[in-house]
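Entries are in the order in which I looked things up.

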Amino acid sequence: EGRFRITLPDNAHLARFAMEIGNTWQEGEVVEKEKATRVYEDFLHKKQDPALLETDAGNEFSARIFPIPPNAEKKLILSYSTTLGGFPPVFRLPVVGLPSIEDFKLRVMFDGDEFRVDSETEKINEDTKLETKKLFSFTKKNYKPKHNFIFHHKINENLLSINGKNFVLKLVPISESIEKKIQLDNLVVLVDTSASSTLHFKETV
């Protein structure tokens, strides 16, 4: 029996857990913990291939996997979704802390019109290849990650952050050529002074 452990980002939600058995993938199911343990133990005595994924403290997960033949590989798929936090939004693939991996392969598909590769990520290794605008790939033998892989959202080119929480879009409603034709004595500025706006009135002004 082996035990697989992983810590997901704080705002991540587990979407899939599967284990390769023969030439097929056995999908995991979410069931009550006591029942899952009972089923795992039953399969264990039958010497069939079971896997049990358990939630630990925080966003840590561990999996019991049986059997693992001598010198054999056991392949798992673990998928999760996460929201992009901070400003500007950043996608960070956390790999720092993993042990040395004999055959490390990474492929990140992204929209080149919305995201750009972090400069440090591009310089991680000369084997890094940016094959297209939408595919970042990295392959390395006996690789122990020392840097996370980071992708920045290009939204910061058009937005301003306010205290890192709120943001505003920068735009020019009237071009310079038209602005000269406006009579300032006819200009009316509306300010919302209703009760619902008092919490953020100073910042709004």
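I count a polar contact as a pair of N or O atoms within 3.5 Å, where within protein one must be able to donate a hydrogen and the other to accept it. The model is predicted.

Entry on His152. I looked up its side chain and found a polar contact of 2.6 Å to the side chain of Asp118. Leaving aside residues up to four places away in sequence, I listed what His152 touches: Pro89, Val90, Glu114, Phe115, Arg116 and Asp118.

Entry on the sheet. I placed His152 in strand β12, residues 149–153. The open sheet has three strands in the order β7-β12-β9, and the pairing is antiparallel. I noted β7 (90–93) and β9 (115–117) as the edge strands, each pairing on one side only. From one strand to the next, the twist averages 25 degrees. Between β7 and β12, I found four bridges. Across from Ile150 in β12 stands Arg92.

Entry on the largest pocket. I read its volume as about 1,900 Å³. The lining has 39 residues, and those closest to the centre of the pocket are Phe4, Leu76, Leu98, Ile101 and Phe104. Which strand gives the most to the lining? I found that β8 does, with nine residues. The strands that each supply at least two lining residues include β1 (2–7), β6 (76–82) and β8 (101–109).

Definitions and conventions:
Residues are numbered from 1 along each chain as its sequence is written. This is a predicted model: local features need pLDDT of at least 70, side-chain atom pairs count only at pLDDT 80 or more; totals for chains, interfaces and linings use all residues. Side-chain values use heavy atoms; hydrogens and water are left out. Contact means heavy atoms within 4.5 Å. Two strands pair if DSSP finds at least two bridges between them. Axes are lines fitted to C-alpha atoms, for helices over the stretch in contact, and angles run from 0 to 180 degrees between N-to-C directions. On a 1 Å grid over the protein atoms alone, a cavity is a set of points where a 1.4 Å probe fits but cannot get out, and a pocket is an open set with protein on both sides within 12 Å along at least five of seven lines; lining residues have an atom within 4 Å of a point. Grid points are joined across faces, edges and corners, and a volume is the space filled by probe spheres set on the points.
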